[in-house]
Amino acid sequence: MPLWTWTGLKAGKAATRWPRSGSDGQEGVLGMPRLDIDKCRSGCDLCISSCPTQAIHLVEGEPVIDYGRCIVCQRCVEECPEGAMQSSYDWAFGVRQRSDLTWSAALESHEAEHLRKRIASSQRRSLHIRHVDAGSCNACEAEISALDNPFYNLHRLGIFFTPSPRFADLLMVTGPVTAPMHDVLLATWEAMPEPRSVIATGTCAVSGAPMDGGYAGGAGLEKILPVDIWLPGCPPNPAALIHALLLLLERMPQRVTGGQYAE
Amino acid sequence: MNMASSLNSCSTRLVAADQLVAVAQECLNQQMRFLMAWHDWDDQTCVVRYLLSQKDHAEFVLLEVRDTDTLPSLAALVPLLGWYEREMHDLGGLEFSGHPESFPLIIHEGFSISPPPLGRTAADNPLQAHLQGSYEPPSMPEVQGDQVQDLYWGPVRADVVETGEFHYSYIGEAILHYHPRLFFKHRGMEARFAGQDAARSVYLAERVSGVGSACHALAYCQAVENAWGIEVPLRAQLLRVIIVELERLYNHFHYFGQLAKTTTLKVGAATGFLMEERVKQLASQLTGSRYLRSLLCVGGLRRDLQAEHLAHALEGIIDEGEAYLNRLHQTATHLDRLMGTGILSLESAFDQGATGPVARASGLDRDLRRDHPYAAYHKLRFNVPVREKGDAMARSEVRAESLREALALLVQASGRLKTGPVQAEYTPPSGEQQGLGWAETPRGTLMYAVRIRDGRLQRVKIKSPSFSNWRVFPLTVHGTNLMDYAINEASFGLTIAGCDR
C-alpha cells in the first residue's frame, strides 16, 4: 500500500484546470458539422439524404440542421459537393432551450430567469448528480465515468455523483428512454427533492435519434421530464459534459444560440 | 422465393426438426462447440440456424432447420443455447418444446408486444408493434428457507452504471442464489437494421455497444463484405487492426481501473482510468473520435489515417502501462481478493458459452484473431494467453497479457503500413446474399450474420460477447459471498448495452 501512495504522490497532479486554464483534453475530437449557407447550392439535397437520423431538412429551399438529432457521423460533410457542410471542433453544445439546437438565421437571445439564477447560485459550489441510464449504448456512461478520472477530476469543481436520488440536485439521463425504463425514470425523478434539474445527456436523450421509432425505444426526454439543459453529442465528450454542468450552474456561458456556435 | 445464397466460411447441413437433438449430440461428440442460434423468415417460412465451431479451427458448421417454428429445445443438452431459444421465443414467437428455463428473457414480466417484433408478419413492417406494460418482479423460482433474505438491487443502482436489476437470495454473507435481470435497455437493434441500406448502416452497428464501437463496425462491415465478395485493400486492413487494438487497449486499462476500484486500491484505480483517458485522447488525435467511430465503412475506411508514427506516440503508454501492471501484480492486498474468487470451471465455461478472456482464463484456448483470422491478423504475430484456474486472478492475468499483446500489435501493425488505397471499389449486387462477419473484441467473440436483398438489409443477427458472458456469470456467484461480488463482477468486465441490444 505505501508503494501506491508513493507512486501516486510521485506522479503528481494529472488534473487539468480547464475551464480556468489548461487543456480540455479534446484535441482532435470532431464536433457537430457547421453550415456555411453562402456556399450551399439550391436544388441539392445530398446532405439531407446522407443524414441517417434525419437531422437536416429543407426550409424554404435552404437546409436547416437540428443539432438535437446529430450523431456527429460526419457523413453530410463527406457528401456535400460544395463544401457548405464543414467539419468542426464544436462540441460544447449544451443549451437551455431545445429550440436553440435548430439552425436559424436570426440570432435570438434568451433572458435567464430570476428563479433559475437563484437556484443555480444555491448549488453553485456543491452539486450532486444522480445518473440514470435509460437505454444508452454505454458510450455516454463511459464519458460520464471519465469525469471522475484524474484528468477531469470533477470534484475540483464541487460536483459529485450520489447513489441516492434523495440526495441529488440533478438528474442526468442517458438513452432514448426504453419502455421498461419509462416508469423507473419517473420514479427516480419523483424521489428527488426540490429544487431539482435535468440534463438530457447525449443525442438519444435529447431527441431519441438514432434510436427513435423502434418497437422498444423512446424519443428522448422532450415529453417526459422538464429538461434544464439539452446536450446532444454521440457521445458528448467529458469537456462538453463539464460545460453543460457549469452552464446549468451559471458558471459558464452558453456557446450555441439559434443553432450557431459562438467562438 | 428460395434462399439460394449460402453463408460464407460455413459448411451447411440441413436438419429435420425431429433429428435435431441427435445431430446436436453428434456434433458435441465431435467436440464442436455451439456459437449462436438465430431465426429468420424465408417468405413466411421459418428458418432456424445454429452456428458451430470445430476443434481444429476448420470452417464453421451451420445447422439449418426449416419449415417449422416449433422445435425441440437443445438447452438441456447445450445449456448456452438456453438464452438464444428464449430470445427467439420472446422476439420471434417461436416455440421450443421441453425448455428447462422457459421464463421471459428479453420481454419482461408485465410487458408484452404483439405481434412479436421479429416474428412471421413483422418482416413486412418491423415498426408496427410497440413494447407496452408496467414493471413486475421477475418470475424466477424463489429460494425459500429459514433466514433466507431477498435483495432486489436495481434497476437504478449506485454509481454511474448501466441499468440492470440484480436479485440476491442470501443468508448473512453467503449468496445462495443470484439472478441478474437485464434487457431493460433492449432497443430492438436487430430490427432497426431491417430495410436499411446495407452499405450505410455502419453507424447503427457502432451504437450497439459504445465501448465496442470499432469491433461492432468491423464485424458488421466484414459480414457485408463477405456477402458481396469485396476484397479490402491491405492498408485498410492494417488500419482496421490498429483501430480495434486501440479499442482493446482503452478497454483493458478501464478494466484494471475498475478491478482496482473494487479491491479499494484508490491510486491503482486512478492510474488505470488515467491510462484509459490517455489512450482515448491519443485515439481522438489520430482519428477525430474518442470511441473510434465514423471510421470504418463497407469496403475499407472512410478516410486514411496517418498512423505511421503510432509507435512513437505510444512510448509513454507502453512504459507506464508495464510499470502499472507490474505494480498491480506485486500488491498482495489486491491479489488476495482475486485468488480463488468466482471460479469458473472449464466444463461450465464450455457448456454455458463463456467467451474471450473469461473463457481463456478457464482453459478454453480460443481467439478468433488466430483461429479464424480476419483483417490483417494473419500477417501479424501475437500470443493468446491462457490460464487454467478460472478465478478472478486468472481472468485478470489473461487481460494483462492481452493488454501487452495489444500494445505489441499496435507497434507491429503501424510499422507495416505502406501507402495505398483504403477503400475498395464495388457496386452493391442485386438479388439476395448472406454474410457472416466476426471479431475478437476485448470481451470475446462478436458475430454478425446478415441477409441482404437488393442492397437492403433483411435480417441482421448480432451475437455479442456480453450476451454470452452474462449467461455464464451467475454460475460463479452462487455459493460465494456478498463481499466478493463486486470484485467478481469487475473481473468479468461485462457490458449491458451489448447484451441487451
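## The interface

Chain A and chain B bury about 5100 Å² between them, with 60% of that on carbon and sulfur atoms; buried area here is the accessible area (1.4 Å probe) that two parts lose on being put together, summed over both. This is a predicted model, in which local features need pLDDT of at least 70, side-chain atom pairs count only at pLDDT 80 or more, and totals for chains, interfaces and linings use all residues. Residues are numbered from 1 along each chain as its sequence is written, chains are lettered from A in the order in which they are written, and side-chain values use heavy atoms, leaving out hydrogens and water.

The contact (heavy atoms within 4.5 Å) draws 62 residues from chain A and 61 residues from chain B. Across it there are 4 salt bridges, each a side-chain nitrogen of Lys or Arg within 4 Å of a carboxyl oxygen of Asp or Glu. One of them joins Arg290(B) to Glu143(A), at 2.7 Å from N to O.

## The sheet in chain A

Now to the sheet. In chain A, 5 strands (DSSP runs of E, at least two residues) form an open, parallel sheet in the order S6-S5-S7-S8-S9; strands pair if DSSP finds at least two bridges between them. S6 (159-161) and S9 (229-231) of chain A are at the edges with a single partner strand each, so one side of each has no neighbour in the sheet.

S7 (170-174) and S8 (197-201) of chain A run parallel, joined by 5 bridges, and Leu171(A) sits opposite Val198(A) in S8(A).

Notes. Helices (H or I, at least four residues) and strands (E, at least two) are DSSP runs, numbered from the N terminus.
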